[in-house]
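Me: Could you take a close look at one part of this model, namely the salt bridges and the residues around them? I would like a connected account, with the cut-offs behind each term.

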Amino acid sequence: MTIAQATQIESEHVPGDKDVWVFVLGEMVIFSSYFFVYACLNRSVNEPVFAASRHHLNQTLALVNTLILLTSSLLIALSVQATRKRDYRVATRFVELGAGCGVLFLLLKGYEWYAKLSQGITLGTNAFFMHYFVMTGVHVLHVLIGLVFLAILRLELRTRAQPRVSLMEVGATYWHMVDFLWFLIFALLYLMR
């Protein structure tokens, strides 16, 4: 096989495996359905409540969290590239930094929730905040699952002589999905007028 053929095969490679893509696509269908209900049904019926409630959200903090997750996605992508190059020390460091960004995201989200609860804003305040707490809560659950996966990737990189690139790709695919879902939540809750 020539270098050109190997490069062509690698460029046609879809990262991860089909099972993770079925899972990711299933998650996207579920979230898309929920986003549709939020955006088209509940928001349109409760527009004044949603508009007034949105002013209680901290857009700056949400933007910082968005940048943190964008950075984490970059770091995880770099860890996959480093694994492919068999630079496992660098790959491990990128996974650790990406996971650190995930933890920072959770801390900032926890602070944001604490601020809302301190103001007396809860799941039962109104339809907007019901959606806010449900969407961000489900997303936090996905981040926690993603952090467990990143811990598994770190263990893979540190304990195996030949870490599996395919496992790294599966973990990265899941992590990118979690980040993408946040971008949608950020747009729907914090930016959509």
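**Salt bridges in their helical setting**

Reply: Read from one end of the sequence to the other, the protein chain follows the pattern α-α-α-α-α-α-α, and its secondary structure comes to seven helices and zero strands, where helices (H or I, at least four residues) and strands (E, at least two) are DSSP runs numbered from the N terminus. This is a predicted model, in which local features need pLDDT of at least 70 and side-chain atom pairs count only at pLDDT 80 or more, while totals for chains, interfaces and linings use all residues. Residues are numbered from 1 along each chain as its sequence is written, and side-chain values use heavy atoms, with hydrogens and water left out.

Of the 193 residues of the protein chain, 42% count as buried; buried means under 20% relative accessible area, exposed means over 50%, and partly exposed lies in between (1.4 Å probe, protein chains only). The chain exposes about 10,300 Å², of which carbon and sulfur atoms supply 69%; accessible areas come from the Shrake-Rupley method with a 1.4 Å probe, and for residues only the protein chains shown count as cover. Among contacts (heavy atoms within 4.5 Å) between residues at least 6 apart in sequence, 78% join residues at least 24 apart.

The structure holds seven salt bridges, a salt bridge being a side-chain nitrogen of Lys or Arg within 4 Å of a carboxyl oxygen of Asp or Glu. In one of them, the side chains of glutamate 169 and arginine 84 meet at 2.6 Å, N to O. This pair links distant parts of the chain, with glutamate 169 in helix 7 and arginine 84 in helix 4 (residues 59-84), 85 residues apart. Glutamate 169 counts as buried because its relative accessibility is 4%, whereas arginine 84, at 37%, counts as partly exposed.

Another salt bridge joins glutamate 96 to arginine 154, and the closest N and O atoms are 2.7 Å apart. Here too the pair links distant parts of the chain, glutamate 96 in helix 5 (residues 88-118) and arginine 154 in helix 6, 58 residues apart. Glutamate 96 counts as partly exposed at 25% relative accessibility, and arginine 154 counts as partly exposed at 31%. Both residues belong to a network of salt bridges that links Arg93, Glu96, Arg154 and Arg158.

Glutamate 156 forms a salt bridge with arginine 164, the closest N and O atoms lying 2.8 Å apart. With a relative accessibility of 6%, glutamate 156 counts as buried, while arginine 164 counts as partly exposed at 38%.

Helix 7 (residues 165-191) also holds glycine 171, which counts as buried because its relative accessibility is 2%. Leaving aside residues up to four places away in sequence, glycine 171 touches Phe149 and Leu153. The C-alpha atoms of glycine 171 and isoleucine 152 are 8.8 Å apart in space, although the two residues are 19 apart in sequence.

Valine 138 lies in helix 6 (residues 127-159) and is partly exposed, with a relative accessible area of 32%.
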